[in-house]
Structures are given as C-alpha cells and as structure tokens.
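Biologist: Hi! Could you show me the model, and then walk me through how the chains meet?
Modeller: Happy to, here it comes.

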Number of protein chains: 2
Amino acid sequence: MVDGNDPGEIAFQVYPIGAVHKRDGEVRIEIYPEYANALLGLKQFSHIIVLYWFHENDTPDQRRILQVHPCGNEQNPLTGVFATHAPVRPNPIATTLCKILSIDGNQITVDDIDAYDGSPVIDIKSYFPHSIPKEEIRVPDWKKEDH
Amino acid sequence: MVDGNDPGEIAFQVYPIGAVHKRDGEVRIEIYPEYANALLGLKQFSHIIVLYWFHENDTPDQRRILQVHPCGNEQNPLTGVFATHAPVRPNPIATTLCKILSIDGNQITVDDIDAYDGSPVIDIKSYFPHSIPKEEIRVPDWKKEDH
C-alpha cells in the first residue's frame, strides 16, 4: 500500500481546483473557473485553510519516508512524519492557514503561503476561531525552539 | 475536470493510512501497521489535525455541488463550499482538530471526532499553537450563530 503501485489497492482521486502564484511579492491563489462558484460568501471570512499538494515530493520513494529530522535540522530528533508537517509523507497533502487580503472573481490574494509558485491547490476551507483548543496545547522542545 | 471521469485529466492518488473507530463512547484512530513508524514522537503533542475522507460523499454528483446552505440549515444563506466545511466538495477531504487522550502502538485514542465510524484516515499532522492567527478573525453571521 505504501508504494501506491499496486493496481489492486483502493485509492481516492484528488483533482487540482487551482494553483498558487507567487510574483513580485504578491501571493495569489487562482481558483479554476469551473470551481469559482464555490467561493460565494468567502469574502465574509478573514482567514482560510488552504490544502495544497506537495507535488515536488510525490514520488513512491518520498511517500515511503516515515521518519525525518524536522525542518531538515539534524539536531532535531528523528520524528515520525505524522508528528510533523514535513512535505514527505504517505499522502503529500499540505494544510496551511492564510489571511485573505482580497478576493477578485476567482483570484484570492493572501498575505503569504508556505507553498511554491505553481503548487496545485486541492481545497479551500473557511477558518473558524472555535476550532482553537480551549485547553493547554503541548508540543515537544524541538518545536518550541523552531519559532 | 469536475466530474473526474476524463481519463486525460491529471489526478493525485490518496491512500488510506488508517480508519476511525467509534464504539462504546471511545473514539480511536487506527493507523495501519505499515505506517506505524510515522507516529514516532507524536506522544509529545497534545493535539493532532486529522485529515479523513468523506467517503460517503465521494460520488461524481456530490463532487459537482459547489454551493450549499451551511449545516443543512436553509435559514443559512447559500454559500460556496470553499467558504464552508461541508462534506460535499470537489475533493471530499475533511480536516479536524482532535485532542489526544493516549497513543498505544498504532492506536490513537482521541476525545472526539466529527467523522463516522469507518471513515478512512488519509493523514495525521501534529498541531502547533503558533498556527493560531494573532490578528482579528472575522466570520459571517451564519457562522457566529452556529455555535
């Protein structure tokens, strides 16, 4: 199941619904015209969760990597990819939070995104503050020192 | 591109890495054994982001639905699915935040999850508090009244 090459295994199909464009300091998410109607009402939100595809890491070998030194720093302890946001993972899906600057037709301009120019976008979701945990949030030392 | 039936279009492949189990009030995420090594170090986090597949909504017709009344409430204004977390969307991927209660081998017990028993899990990511926006978060009235 890990290598994704067994034609007998069940896979789900994900289609790009847009793409990231980075140019001259501007970060724009283009939603393909056939999906533009799915943006109705999004202007009333300040933030979005963007799901994009780590397309440069979508190889059978990279999907088999299950442990990494987070942030590519060998000082960080070897860690399972499910405990990180590493781009190498069994399903190379990224989730990231962006602040909306403007929406013009099928173009969403955001403050920044940790994607590449050309990254395929696979979903947009509005961001709700009640998804923030009320209780204490605990992270390991390597993560505390990371920012 | 919307109907996903054109063999010429580019699709990304997503494979289940586990499944949700709900039984007797317990909510457990089973990670398939071949991915268990990807959990190393996850115990040091208190919360995870779980990505799962809305498998009961993965039909060409449901993927074509671009606007809904949020939460199935007709009093809520017609809204683009990218401004909601509706299970009908072009790529039926759910993202949800869970509090870890315990991790035992390849089994993660969480406080709750808005998935069904049997929902396919496609990714787990650790949750970092610095992903919470520092600035004001804005949502429309229909969302404020929802909780």
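Modeller: One term to start with: two residues are in contact if their C-beta atoms, placed from the backbone, lie within 7 Å. This is a predicted model, where local features need pLDDT of at least 70 and side-chain atom pairs count only at pLDDT 80 or more, while totals for chains, interfaces and linings use all residues. Residues are numbered from 1 along each chain as its sequence is written, and chains are lettered from A and ligands numbered from 1 in the order in which they are written.

Biologist: Great. How many residues does the contact take from chain B and from chain A?
Modeller: Chain B puts in 64 residues and chain A puts in 65 residues.

Biologist: And which strand gives the largest share of the side of chain B that touches chain A?
Modeller: That is E9(B), with five residues. Strands here are DSSP runs of at least two residues, numbered from the N terminus. At least two residues each come from strand E1 (12-14), E4, strand E6 (79-80), strand E7 (93-104) and strand E9 (120-126) of chain B.

Biologist: What is that side made of, by class?
Modeller: On the side of chain B that touches chain A there are 35 nonpolar, 18 polar and eleven charged residues. In this count Ala, Val, Leu, Ile, Met, Phe, Trp, Tyr, Cys and Pro are nonpolar, Asp, Glu, Lys and Arg are charged, and the others, Gly among them, are polar.

Biologist: What rotation superposes chain B on chain A?
Modeller: One of 180 degrees, with 0.0 Å of shift along its axis and an RMSD of 0.0 Å. The two copies are therefore related as by a two-fold rotation axis. In chain B, the C-alpha nearest that axis belongs to B:Gln13, 2.6 Å from it. The same surface serves both copies, since 100% of the contact residues of chain B recur in chain A.

Biologist: How many bridges join strand E1 of chain A to E1(B)?
Modeller: Three, and the strands run antiparallel. A:Val14, for instance, has B:Phe12 as its bridge partner. Two strands pair if DSSP finds at least two bridges between them.

Biologist: Moving within chain B, how do E2(B) and E3(B) pair?
Modeller: In the antiparallel sense, over six bridges, and B:His21 has B:Arg28 as its partner in E3(B). E3(B) is also joined to strand E8 (residues 107-110) of chain B by four bridges, again antiparallel. There B:Arg28 stands opposite B:Thr109.

Biologist: What about B:Asp24, is that buried or exposed?
Modeller: B:Asp24 counts as exposed because it has 4 C-beta neighbours inside 10 Å. The cut-offs are 20 or more other C-beta atoms within 10 Å for buried, 12 or fewer for exposed, and partly exposed in between, with C-beta atoms placed from the backbone. The hairpin of E2(B) and E3(B) has two residues between the strands, and B:Asp24 takes a positive phi near 50 degrees there.

Biologist: Last topic: which residues touch the most other members of the largest nonpolar core?
Modeller: They are A:Val50, A:Tyr52, B:Ile48, B:Val50, B:Leu51 and B:Tyr52, in a core of 71 residues. Strand E4 (residues 47-53) of chain B gives the most to this core, with six residues. Such a core is a set of buried Ala, Val, Leu, Ile, Met, Phe, Trp, Tyr and Cys residues joined through C-beta atoms within 7 Å.

Conventions: Copies are superposed by least squares on the C-alpha atoms of residues with pLDDT of at least 70 in both.
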